[in-house]
Structure formats: C-alpha cells, structure tokens
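Subject: Structure for you to look at

Hello,

Please open the structure below and keep it in view while you read. My notes on it follow.

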Amino acid sequence: MAKTKEHMNLAFIGHVDHGKSTLVGHLLLQSGAIAEQQLAEGENKFRFVMDKLGEERERGVTIDLAHAKFETPKYEFTIVDCPGHRDFVKNMITGASQADAAVLVVSIDDGVMPQTKEHAFLARTLGINQLIIGINKMDLVNYDEGKFNDLKSEVSDLIKTVAYKPADIHFIPLSAFEGDNITTKSDNTPWYKGPALVEALDTFTAPEKPTNLPLRVPIQDVYSITGVGTVPVGRIETGLMKKGESVIFEPAGVIGEVKSIEMHHEMLDSAEPGDNVGFNVRGVGKNDVRRGDVAGHPDSAPSVAKEFTAQIVVLQHPGVITVGYTPVFHCHTAQVACTFLELVNKMNPATGQVDEENPDFLKTGNAAIVKVKPTKPMVIEKIKDIPHMGRFAIRDMGQTVAAGMCIDLVPAK
C-alpha cells in the first residue's frame, strides 16, 4: 500500500470553550473524514465527534485513531490533541505522538485568556515551530474587521514574547459553528485576503524524517500473543527498525531479536519514524518489558539517566517549587517521579538571559535550569542529540505544572 501524501501531526490548542472541538468537528466534516450521520443532533453536534474520541482514548485505543485523521490536498494530518476537556499536554507528550504544527484557537468575544498564553508558551517549549492562529466565533461580532484586527495585534504581541514571528503566521477569521473560512473562503469576510484554514495547513513544511538518528521506540504497551510471543507496541520516534536485527530495551537492559513488524495489520520488513508498530521479539518475555521502556539498537542504546539537567518553564503551580520537590515527569511514554536536586538559575522566559543564580524557589511563569534525579531508572536523551526524546511535562495535583527539555545527563551505567 503506497503512501502518497506526507504525514503531519497537528495539535489544536487554546483556552477552554474557545471552540476547538467545534472547529475540529467541522473540519473533519468538511474535509470528508466523517459523515453527517456521525454527528449528534443539537447545536453542539460537532463537539460530540471529538469528545466521543476522548472516551475512546481513555480506554486506551491509541494505535489507530482512524477518525481523527483528515487529508488536505497536500498532507495527511493526524490530530494528536483531542480537544475539549482532556489536558492537551499530557496527551501530547504521553499520547501517540509529538505535534509537528499547531492551530491556536482564540475566540473573538473572550480574547487572550490565561490558557491562551500558557498554550502558546507550551507550543514553543515543546518544539512546535509552525503555528496558525484561528480567531474564532466571528459570527458573534458580525464578522467585524476592526475587532479582528484588534485581537490579531493582541495575539501578535503575545506570541512575540515566545519568539514566534507574527509576520510568518496566518491569522484566520473563523466561525467554527457556521463553518466560515474552514475549507473555503467565506463571503462573510470579504475584507479577509488570506487563505482558508485547510489552504493554510498546506503551507506548513513536513518535518524531515529523523532516519539518520539512532533507533528509539518508546513502548506504549506489551502484549503476549499465543503462538507469536512477546509483542511490544510503540511509535518509532527516530531511526529505522528492520526485521532480523537485535534490539535492546532500556532501562530493563534486555536484548532480543525482531522476528516480525506489523502496522495496521500489515507485515513490514522495516519501519520508519512516525510508524505505530507492533513487533514480535524473540528472547524477551512479556514481563521483561513495560510501558515507558524504550527500544533501540544495542550499539547505540537508549540513555538511562541517573540524574539530568533540564531547562523548564513553570506553567501553573499554586505554590513554589523548591529543592526536594518530587512531581511526576511525563517523558515519551514514561511516567517517573523525579526529585529536584538543585535550582541552577532562573531565566527571563522571553530572552533566555539569566536573571538569578541559585534561586531559593521557582513559581508560575518562571523559566529555569534545574538538576533532577529520577526515583527509578528512566530513559531520556539530550535535546541536542535526539530532540524527539528530550522533552517532558511535569504533572502534579492533576495538572501540568511545568514543561521542559533535557540539556545534559549523567548516565546510570
């Protein structure tokens, strides 16, 4: 089965109730990814599509989210964030994949809200370099060009603080509810000269497949299949996996041979970055490998960190972060509690300049360099070596308190 279009992962981000779910539902409908019959009755029928998907995700159907895919003339997109009530960051980091690009949705009636800021910040911290701004609910202000321009300049000021260039970004007036400017230009905004959302998505650049980096496959699940054996499942982040070669799982340290590779019920001889695969491994038992382990080649095995240095941004913390704090780090598919050993310095998030050496504490809005120690062995890579394996979110009290990336590490062995 030949892949004709390049694939990209797309996140929809922005403040709660700014219409992300409705927008995604309408986009899937207009691009033919779902049929009208799949919509619920009632005014908020579009939201239903993604919220139903949310339930499915809760049940762990992560391997093939078929109906969260849609195609534009140029790309096949997978929506990695199921918008709505699910926490975008947790899904994005521990879910099926990393986003290559994002649509930041801001509603015209509310304007820039705290979560709008947080998500713009997060998108940057998580390495999303391509952005579209959807200014939604234009129907509520009778498609007023002046109000659109006011909000556009406010959002421009916001994204400049995290080093996005507004001049390179499409700001699109939308009504997710009415369907304006989603797949085609709307007569309601004759003053708007830019592309509709689907046309703008095709201006994104597909990421290079990191096939030249060492193999890294974070494990999502491990199955034991009668007559086959142990079958780990995961998404290949970097490198190539080939049938017949040896793989090592870290931090477990077990080695086996890849007997077969399967994707969407098709057998493959090799698999590349972006592929969600199940692979049968000879010589490895079901209990030897678990979710959060990472497969690689024995000659360039995944790095197990005894401790690591990270650059973090504190997104929302009700108190302060001090040495000794031990929240849970979500990195690829691993969830490991890590203790803060040292607060090295505090930086200005906009410029990256150091504001203070060895601060006593960190609070919401601070960016910092810190040293942390995982409470159990954990695979993480330096961001400059394998960027796909170096990012994480920090969660505590049911929310994402910080996000960051690994800049250095002390190997465990």
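**Notes on the model**

Tyr223 is found in strand β7 (residues 217-225). Helices here are DSSP runs of H or I with at least four residues, strands are runs of E with at least two, and both are numbered from the N terminus. This is a predicted model, in which local features need pLDDT of at least 70 and side-chain atom pairs count only at pLDDT 80 or more, while totals for chains, interfaces and linings use all residues. Residues are numbered from 1 along each chain as its sequence is written, and side-chain values use heavy atoms, with hydrogens and water left out.

**Burial**

Tyr223 has a relative accessibility of 36% and therefore counts as partly exposed. Buried means under 20% relative accessible area, exposed means over 50%, and partly exposed lies in between (1.4 Å probe, protein chains only).

Helix α1 (residues 20-30) is mostly covered, as ten of its eleven residues are buried. Among them are Lys20, His26 and Leu29.

Val289 lies in the loop between β14 (276-282) and β15 (294-296). Val289 counts as buried because its relative accessibility is 3%. Which residues does Val289 touch, not counting those up to four places away in sequence? They are Ile219, Val222, Phe249, Val254 and Val284; contact means heavy atoms within 4.5 Å. Thr230 is 59 residues from Val289 in sequence, and the two are 9.2 Å apart in space, C-alpha to C-alpha.

**Around His317**

His317 sits in the loop between β16 (304-314) and β17 (328-331). With a relative accessible area of 12%, His317 is buried. Its side chain makes a polar contact of 3.2 Å with the side chain of Tyr325. A polar contact is a pair of N or O atoms within 3.5 Å; within protein, one must be able to donate a hydrogen and the other to accept it, and residues adjacent in sequence count only if both atoms are side-chain atoms. Leaving aside neighbours within four places in sequence, the contacts of His317 include Tyr325, Thr364 and Asp396.

**Aromatic pairs**

How many aromatic pairs does a search of the whole structure find? The search finds nine. Rings of Phe, Tyr and Trp (its six-membered ring) pair if their centres lie within 6.5 Å; planes under 30 degrees apart count as stacked, over 60 as edge-to-face and the rest as tilted. The Tyr325 and Phe340 rings have centres 5.7 Å apart and planes at 35°, so this pair is tilted. Tyr325 lies in the loop between β16 and β17 and Phe340 in strand β18 (residues 334-347), so the pair ties together parts 15 residues apart in sequence. Tyr325 counts as buried at 15% relative accessibility, and Phe340 counts as buried at 1%.

The rings of Phe329 and Phe392 have centres 5.0 Å apart and planes at 40°, so that pair is tilted. Phe329 in strand β17 and Phe392 in strand β22 (residues 391-396) are 63 residues apart, so the pair links distant parts of the chain. Both Phe329 and Phe392 are buried. Ring pairs link Phe308, Tyr325, Phe329, Phe340 and Phe392 into a cluster.

**Backbone**

Most residues other than glycine have a negative phi, and most peptide bonds are trans. The peptide bond from Glu250 to Pro251 is cis, with omega near 5°. Asn181 has a positive phi, near 60°, and His332 has a positive phi near 45°.

Regards
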